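Please keep the sequence and the model at hand while reading.

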Amino acid sequence: MKAKTRGPARVRESKAAKRERALEILDRLEREYPDAECALHHRNAFELLVATILSAQCTDERVNQVTPALFARYPTAEELAAARQEELEELIRSTGFFRNKAKNLLGMANALVERHGGEVPAEMDALVKLPGVGRKTANVVLGNAFGRAEGVVVDTHVKRLSGRLALTTHTDPAKVERDLMTLLPRDRWGAVEHLLIWHGRAVCDARRPRCGVCVVASRCPGRA
Ligand code: SF4
């Protein structure tokens with residue numbers, strides 16, 4: 001029989017106790033994954049923005065297989081804006097939803113050229129107005145390319161682990177992000193994404209979490 005995924009764990013504790021627990025969890029994960037960083041290969045903000053758009057409904061590994069040829073063909077926003085949609089679709093086909101992603105990449109590149117001189121803006125308000133860019137993508141770019149923590153990136157791993165660790169009772173990404181931002185000091189927001197993603201991949205699997213070898217098990221209300 002398949003193991004079932006579980007919803008957020010619930011625990012009675014004061015806000016202060018939850019903050020203290022959340023910080024200790026991050027500290028332990030930082031010691032466990034000292035090299036945790038953005039898994040999408042990129043050399044600048046433009047490449048990270050492209051890679052993040054491609055990563056929707058796709059693994060980072062697959063995106064990293066596709067981007068070298070893509071970045072070689074279209075190294076700048078100007079060149080991407082002038083791309084032919086069919087050629088772009090062929091290059092990114094294996095990432096899935098390739099027609100929509102190609103449309104978004106073209107729209108994003110044209111918007112960069114028309115509104116931002118071909119540069120990626122470093123502001124949340126401007127980023128989320130670009131085609132194909134939501135708050136999650138903007139947070140990835142701001143945190144990793146500009147070192148600016150405007151929020152917490154909530155992907156599927158971050159959402160799942162935040163629930164299991166009882167750092168949120170929500171499953172809606174915007175609400176999970178708000179809870180994490182309330183719970184943690186701003187200078188830790190950037191670390192949450194990488195640490196929870198790495199831990200989700202290495203130990204806290206969606207269906208079969210390996211609680212017996214988990215470094216945060218003693219602080220995790222959702223442990224099996
Ligand atoms: S104790 Fe289990 S459920 Fe909690 S974070 Fe670790 S692996 Fe995940």
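The lining of the largest cavity divides into nine nonpolar, two polar and four charged residues, where Ala, Val, Leu, Ile, Met, Phe, Trp, Tyr, Cys and Pro count as nonpolar, Asp, Glu, Lys and Arg as charged, and the others, Gly among them, as polar. This is a predicted model, in which local features need pLDDT of at least 70 and side-chain atom pairs count only at pLDDT 80 or more, while totals for chains, interfaces and linings use all residues. Residues are numbered from 1 along each chain as its sequence is written, and side-chain values use heavy atoms, with hydrogens and water left out.

The largest cavity holds about 110 Å³ of space, and of the 15 residues that line it, H199, C204, C211, C214 and C220 are the closest to its centre. On a 1 Å grid over the protein atoms alone, a cavity is a set of points where a 1.4 Å probe fits but cannot get out, a pocket is an open set with protein on both sides within 12 Å along at least five of seven lines, and lining residues have an atom within 4 Å of a point. Grid points are joined across faces, edges and corners, and a volume is the space filled by probe spheres set on the points.

The ligand takes up the space of the largest cavity, a molecule being placed there if more than half of its atoms lie within 2 Å of the grid points. Around the ligand stand 13 residues, the closest being C204, C211, C214, C220 and R223, each counted if one of its heavy atoms lies within 4 Å.

## The second largest cavity

The second largest cavity, with about 40 Å³ of space, is lined by A22, I25, L26, L167, L180, L184, V192 and L196. This lining divides into eight nonpolar, no polar and no charged residues, and helix 1 gives the most to it, with three residues; helices (H or I, at least four residues) are DSSP runs, numbered from the N terminus.

## The largest pocket

About 580 Å³ of space lies in the largest pocket, which is lined by 26 residues, with S55, D60, K136, D155 and T156 nearest its centre. Helix 11 supplies the largest share of this lining, five residues.

## Cysteines

The structure holds zero disulfides, a disulfide being a pair of cysteine sulfur atoms within 2.5 Å. The sulfur of C58 is too far for a bond, because the closest cysteine sulfur, in C38, is 14 Å away.

How values were computed:
Helix = DSSP H or I, 4+ residues; strand = E, 2+ residues; numbered from the N terminus.
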